Amino acid sequence: ITFNATAFDKDYKKTVEPKRFMDEHVHGKNVDFLLLQEVGHTPHGNIKHEAEANGMEVIDGRTVFIAYNPDRLKPLKEKHERQKIHKDYNKGTGRGMAVRFSDRHTGLKVKVVNVHAGHNKSKESKQKAKKDIERLHNSWGDWGDVTITGGDFNELDEILGVSEIGRPPSS
């Protein structure tokens, strides 16, 4: 599940309700990952604190965060990858992160990528941002059994496909 808390958006941050979101979409629903963007205080709370209150642990990527179920998943201790994502004007975060996990029950190796793309209007700018996401998506090569990619892609949703958003488990 992905959630943009809009904490830095003066127009929308008043409408976001982190506790209600957690109650409706996460609490009691066996959610293993929550990909967070624009984490911070809003008039109705803080999504990072709500995730922690629901038993999740949170990895801080400065502007993007990955909350996970520590009973099911163990993050690997190596350095997490961070990547600036191209944007053609000064709006939006333009950041991403990747973290590797091991499933405590199955041994499955999972790479999770969380992206908050900046805003990209031109075709050239979108292609540059897409390459940045691909670089992050391909960090550590073909390591792992599955890669989960999510986030707030803004205008990039027009050009991203299965190779950037996800791929089937390796055989």
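A pocket here is an open set of points on a 1 Å grid over the protein atoms alone, where a 1.4 Å probe fits, with protein on both sides within 12 Å along at least five of seven lines; lining residues have an atom within 4 Å of a point. This is a predicted model, with local features needing pLDDT of at least 70 and totals for linings using all residues. Residues are numbered from 1 along each chain as its sequence is written.

**Stop one: the pocket.** Select Val-26, His-27, Gly-28, Lys-29, Asn-30, Val-31, Asn-54, Gly-55, Met-56, Asn-69, Pro-70 and Asp-71, and you have the lining of the second largest pocket.

Asn-30 sits in the loop between helix H1 (18-25) and strand E2 (33-37); helices (H or I, at least four residues) and strands (E, at least two) are DSSP runs, numbered from the N terminus. Its phi is positive, near 55 degrees. Most residues other than glycine have a negative phi. Asn-30 counts as exposed because its relative accessibility is 73% (exposed is over 50%, buried under 20%, partly exposed in between, with a 1.4 Å probe and protein chains only).

**Stop three: Glu-38.** Hop to the loop between E2 and helix H2 (47-53). Glu-38 has a positive phi too, near 50 degrees, but at 11% relative accessibility Glu-38 counts as buried.

**Stop four: E8.** Now pick residues 109-116: seven of these eight are buried. Strand E7 (95-103) pairs with E8 in the antiparallel sense over eight bridges (pairing takes at least two DSSP bridges). Click Val-113: its bridge partner is Ala-98, and Thr-149 in E9 stands opposite.

Methods:
Predicted model: local features only at pLDDT ≥ 70, side-chain atom pairs only at ≥ 80, totals over all residues. Heavy atoms only, no water.
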